[in-house]
Amino acid sequence: MLRAAGVGVGDEVVVPAFGNVEVAESVVLAGALPVFADIDPVTYCLDVAAVEAAVTPRTAAVVVVHRFGRRADIAALHGVGQRHGLLVLEQGESEAPYDEVAQRRERAAYLDGKLKGVRTPDGGDGHTYQQYVVRVPGNGRPDRDAFARALRGRGVECRVPVKTPVHRLPEFRRCVSLRETELAADETLALPVDASLTKRDMQRVVGACNALGGLLQAAF
């Protein structure tokens, strides 16, 4: 899409650093330079103000990535594009069947009401819970990683959604401050909300998290 729009050598494209490296790689393959902007800490998608601040005379496009089942503020981002004459592209997530989304929302609502000691996700704006991403408060990555290991030791599958922001990878390293991106990379953990999980499975998740998370409540 970038090539088809004429984006190439000498152009800059604003992209998120929180997420998969493929977006930045596609910009490079088009011959352009990826410029990383910070994320909104609630949606984990590009922050509108951060995108506007990243625009330069060389900026040709913005690639917006919808994350974890939450959508970016696409109307506001299109507004940025219109003000600066930029192409705004969207990368979505694969859509699950309606009944599966409904079951994920049901499990997410259960976790919202039961979990203690972790920060549960904001369910606004039609969240489909492709991933149920919590924040583990405390001392950033060391506490989050220890929390994840302890959960796995109790039989709860969990995963770190973004281990290293793209702007910290060797091939894309930039001297840029992306505070919310780096906090999210250090604190986030995805808990299971798959439609196949039983009530007993969900109770195990809550019991394991609360046994550990209660120790971290003072860090809120």
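**Close-up views of a predicted model**

View A. An open sheet is formed by 4 strands in the order 2-1-3-4, with parallel pairing. Strand 2 (33-37) and strand 4 (87-91) are the edge strands, each pairing on one side only. On average, neighbouring strands of this sheet are turned by 25° against each other, direction ignored. Helix 1 (residues 22-29) packs on the sheet and touches strand 1 (12-16), strand 2, strand 3 and strand 4. The direction of helix 1 makes about 150° with that of strand 2.

**View B. Strand 3 and its pairing partners, strand 1 and strand 4.** Strand 3 (residues 59-65) runs parallel to strand 4 and is joined to it by 5 bridges. The pairing of strand 1 with strand 3 is likewise parallel, and extends over 3 bridges. Residue A61 can be followed across the sheet: A61 is the bridge partner of V13 in strand 3, and L87 is the bridge partner of A61 in strand 4. Further along, V64 has E90 as its bridge partner in strand 4. How many of the 7 residues of strand 3 are buried? The count is 7 of the 7, so strand 3 is largely enclosed by the rest of the structure.

**View C. The β-α-β unit of strand 3, helix 3 and strand 4.** These three elements make a right-handed unit. Helix 3 (residues 74-84) lies across strand 3 and strand 4. Relative to strand 4, helix 3 runs at about 150°.

**View D. The largest nonpolar core.** This core has 24 residues. Those with the most contacts inside it are L111, L115, Y132, F147, L151, L189 and L191. Two or more residues each are given to this core by helix 4 (98-114), strand 5 (132-135), helix 5 (141-153), strand 6 (188-191) and helix 7 (199-213). Which element gives the most to this core? Helix 7 does, with 6 residues. In soluble globular proteins, nonpolar side chains tend to be buried together.

View E. V13 is the residue whose bridge partner in strand 3 is A61.

Key:
Residues are numbered from 1 along each chain as its sequence is written. This is a predicted model: local features need pLDDT of at least 70, side-chain atom pairs count only at pLDDT 80 or more; totals for chains, interfaces and linings use all residues. Side-chain values use heavy atoms; hydrogens and water are left out. Two strands pair if DSSP finds at least two bridges between them. Axes are lines fitted to C-alpha atoms, for helices over the stretch in contact, and angles run from 0 to 180 degrees between N-to-C directions. Contact means heavy atoms within 4.5 Å. Buried means under 20% relative accessible area, exposed over 50%, partly exposed in between (1.4 Å probe, protein chains only). A crossover is right-handed if, with the strands pointing away from the viewer, the path from the first strand over the helix to the second runs clockwise. A nonpolar core is a set of buried Ala, Val, Leu, Ile, Met, Phe, Trp, Tyr and Cys residues joined through side-chain atoms within 4.5 Å.
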